[in-house]
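Please read them with the coordinates open.

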Amino acid sequence: MPQRRKLTHPLLLAVPWVTFYVAVFGLLYGAYQIVYLRVELGARQQQSIDALEANPASFVWYTLDLPAKQLPATPEADDAATRAVIDRWHQTTGRQAPTQDNDFAHLFVAAYGAWARSLDAAGAARLLRRHCGAREFRGMVKHQHDASCGGLQPTQPAACRGGFYLDDTASVKPCPDGAFCMAGQTCFVLCARGAMCNASRPLSGVVPHHSSSLQTYDRRRCVFPHNAAPAEEQSPEIHACPGVQYLTLCPEGYYCDTPVEIQKCPLNHFCALGSDAPVRCPWFASCTREGMTRPRYRTSFGALAWGALMLLGVAYYVGSIWRDKSLRAFDEAIIRHLRAHSPPRSRASFDEDGAYALPDASPLIDVEFSEVSVRLPGGRVALKNATGALRAGRLAAIIGPSGAGKSTLLDLLAGRAPPPGSRVRGSVLLNGAAPSSCHPALVGYVPQDDGALLGWLTVRELLRFYAAIRERRERSEEADSRERRVALCIRELGLHNERDAMIGVAGDARRRGLSGGQRKRVAVAVELCGDPSALLLDEPTSGLDAATSLAVVRALMNAARRGVCVAAVLHQPSAKAWRCLDDAVVFSGSGVAYCGPASLAARAFEEACGLQQGDAPAPDFVLDCVVSNSFSIPSSTTAPATPGATSQILREASYGVDAPGAVTQFTKFLNRAILAHTRHPGDFVFELGVQFAAGAFLGALYPHFEFRDCQQVSFILQLSLGGTVALSSAKTFGGLRQAAWRELSPTLSGYGLDPAAFCVATCLAELPRLLLITLAFLSTWFPTARPRTSFARYFWPCFCAALAASGLSHVFSVTQDSKAAQLSSVSALIACAMFSGVAPRLSELKKLGLAVKPLIWGSYARWLVESLYAAEILALSMAWRMPPAFYAKPRMESALEGLLLFGYVARAASVNCGVLALLGVFFRALTYLALVYTNRDRMGLRAPAHAFADLYARCAALVKRPRVNERAGLLAATTPRKEVSPDISV
């Protein structure tokens, strides 16, 4: 056979492998960097927390957004800390370091704006000398009183009250503006930006009280402006109203650039609680008045966006209809061209209307099997001493009673492994060589079950896909040979009227599609499109009426006329179908009873049984003789070997098969996966509706949520989004399981396609669906909940979490059936929620030991909740980030309280997106491994675990003594017979 010249330059052959290894190395390096960065961020935050616990005074530098300094708690350390702050401030402003303490006034100017400019330098320096130092901060954080306030009779009882302090002259004064004075301390703490610490005097823009704009205090009570400070009693010692006792956040609708200045939120901006600057409304929202607390999102924009998506869907649907019409016209043009211009072939035409047959088979293949025996693990003999031959260009029927071993022999001929623990003896040869020398593209196999047919494809789409994915390009002489082959297969199998009908799903009333007989013919057409040299079929006529069975047998006869070696297991062939056969392999209860020409089988059994056929049809007479089991084995006369069917030609043809490469397979798999997602738009619209409803319901539970509800909202969000995404993603690989077993199997019964191309293409085709599902969920939740951070900071973590949740669902859908996969997915989601760090917390989970850490790292809920929590913290002002002890309600107002309580990392919002994406890739890598190493028995392969079963069976056979079963005439133990080649049993 002439061979096509291939590109065998070493550099050209090395390009795909180099690209693959570079991609794998880049992925592993990126994963290492993401994990390292995440661990490093956690370690840095823990170091900062340890440093703050060692020196709580460094909270002051944290408040002013300066680097923390770990200094010892001594009076000299307070001066050194003061000097460090001054030096740092002058470095940022470009001025020289001061030499006098009164230059500390510049720090006030930087932190408090115009109000600080009204103070003279000397007064500011004297004021700051009474700022709390390291010793006082340690007492505040640990809720301990100062030494002067710790006794039963404090030296200055008024100074120990909340809202008062001792100035540099040891006089009790109300807490100064811009600071707060905690109870049990005689010093004050500067407030951060975003706080309103101006209780001692009203300022312009302060939110008025509900009864009057300014309320004066009476002799016993001090009433301050609303939200400035709670009402307090006067100090009985100095008869003065106190200042602010705790750090107070700036009210909603206002922003506090400094702790002593409050301004109303301007137009086209919004100001949430504790804002230090107004935030401009996003372009898809509106802020039509002053003092807006949250933006109002335009519903018209969402409707317009989803309307545009619907228009794109309609355009795609119209385009698909136009494409189907174009393909139909193309098929008709091919048939007309063949009728008018194609010359008659050496093998006669089969069609009455002038359409010519498919090309002749090349190379020619003869199949021979000798003394093949199979003993199952339970001791039952499934096949005994089967000997015979199947020749090229001949149609052979394998018939016999049920349980005689017909399907077992066909599986062995197709290279499928027997059940684990089985013992196989004998030999199977193709052109006198081992089956391993034959390329899977040269052999076609039609199983008894047609579940591998993809129900969402039409007949033409299915045939076009398999014709492209299994195309032997060395056999294609013209550019349109593939399209011609598909059109001819449709005509040959009588599927011309059903070529645009969906195949459908068996047992589904809504998507029934083709009938059983039509599905059988489609399965045969799929194999014929691959241009095989040998075709093995397991009961292709079972469940069909007589007319349909005859049509299938005639199609097989036409294939044999082209030189294809055809062997089909037939359950009850009719007389007309029997006349189409060339050879017959008849099984009885004790093995192969006859192997020879079908026309001579009845005469041979007449002599063996001693009966006359009479008017009985030949197949019925032969089967009656076999079932009666009262005959001697008739003599068999197999056809001679086919000229040209040699092992050398088979090896050269197998080596010269120019099958599509991994890139071509990836492209075809990607197109098929995209078509699977777009074939039934109603299902996708239903999924979007579920996401719309889930987002709207969650937004209704927490409308306009505040920071104190952030963790609860994030926890419910990951449950809602992850659950809906995981359940809807179970069908991505679940609907392809049976097809994948055929396509990825490297045996002669499969196609030997690249599992990596299949897995990557299927996962990539799912990304637009996950993106739209996430967008649909957030499009109803985000306008209702109105978080203070941006839409992008919610969208990307949620999208990466959907990527991880769907990948986790893929692992179960590949290894289990649909119902078990859904149950396992729900159980895995519950486990992920348990290890999210909400309840129980991460600190409690880590106490369980090292075995829990992989579960924590593998929980997508843990990273999503932390990412959303950290995203909200990044949108908060410095007033939210002070120590919990500085707040009257730390669980509601302190972001640091949540970080310390739940063990989250504040700056890990972006890194967690990378961790979630990495989890999605990891779960898809597990899906790839599950495709390759699970369900290997369905692929006709021997699983690694089956080696132990085989070893046990052999050991048990050695222990048992050989004994003869007189009734069956079989050895119950091992006999010195030739083993089947490893290629058949593996």
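The points below go from the whole chain to single residues.

1. Ground rules. This is a predicted model: local features need pLDDT of at least 70, side-chain atom pairs count only at pLDDT 80 or more, and totals for chains, interfaces and linings use all residues. Residues are numbered from 1 along each chain as its sequence is written, and side-chain values use heavy atoms, with hydrogens and water left out.

2. Overall make-up. The protein chain has 32 helices and 23 strands. These are DSSP runs numbered from the N terminus (helices are H or I, at least four residues; strands are E, at least two). Of the 986 residues, 51% are buried. Buried means under 20% relative accessible area, exposed over 50%, and partly exposed in between, with a 1.4 Å probe and protein chains only. Contacts here are heavy atoms within 4.5 Å. Among contacts with a separation of 6 or more, 69% join residues 24 or more positions apart.

3. Cavities. The whole structure holds six cavities of 30 Å³ or more. The largest cavity has a volume of about 120 Å³. A cavity is a set of points, on a 1 Å grid over the protein atoms alone, where a 1.4 Å probe fits but cannot get out; lining residues have an atom within 4 Å of a point. Grid points are joined across faces, edges and corners, and the volume is the space filled by probe spheres set on the points.

4. Lining of the largest cavity. There are 13 lining residues, and the closest to the centre are Pro 447, Ala 452, Leu 453, Arg 742 and Tyr 751. Strand 17 (443-446) and helix 12 (516-529) each supply at least two lining residues. Helix 12 gives the most, with three. By class, the lining has nine nonpolar, no polar and four charged residues. Ala, Val, Leu, Ile, Met, Phe, Trp, Tyr, Cys and Pro count as nonpolar, Asp, Glu, Lys and Arg as charged, and the others, Gly among them, as polar.

5. Helix 18. Which residues of helix 18 are buried? They are Gln 665, Phe 669, Arg 672, Ala 673 and Leu 675. They cover an arc of only 160° around the axis, so they sit on the same side of helix 18. The arc is that of the directions from the helix axis to the C-beta atoms.

6. Helices 20 and 27. Helix 20 (residues 710-734) is largely enclosed by the rest of the structure, because 18 of its 25 residues are buried. Helix 27 is mostly covered, with 14 of its 15 residues buried.

7. Cis peptide bonds. One joins Ser 362 and Pro 363, with omega about 0°. Pro 363 is in the loop between helix 8 (299-341) and strand 13 (367-375). Another joins Ala 839 and Pro 840, again with omega about 0°. Pro 840 lies in the loop between helix 24 (818-834) and helix 25 (842-846).

8. Positive phi. Asn 431 has phi near 55°, a positive value in a residue other than glycine. Asn 431 is buried, at 8% relative accessible area. Glu 539 has phi near 50°. Glu 539 is buried as well, at 12%.

9. Thr 293. Is Thr 293 buried or partly exposed? Thr 293 is partly exposed, with a relative accessible area of 30%. Thr 293 touches Glu 252, Gly 253, Phe 270, Cys 271 and Ala 272, not counting residues up to four places away in sequence.

Definitions and conventions
1 Å grid on protein atoms, 1.4 Å probe; cavity = no way out; pocket = protein on both sides within 12 Å on 5 of 7 lines; lining within 4 Å.
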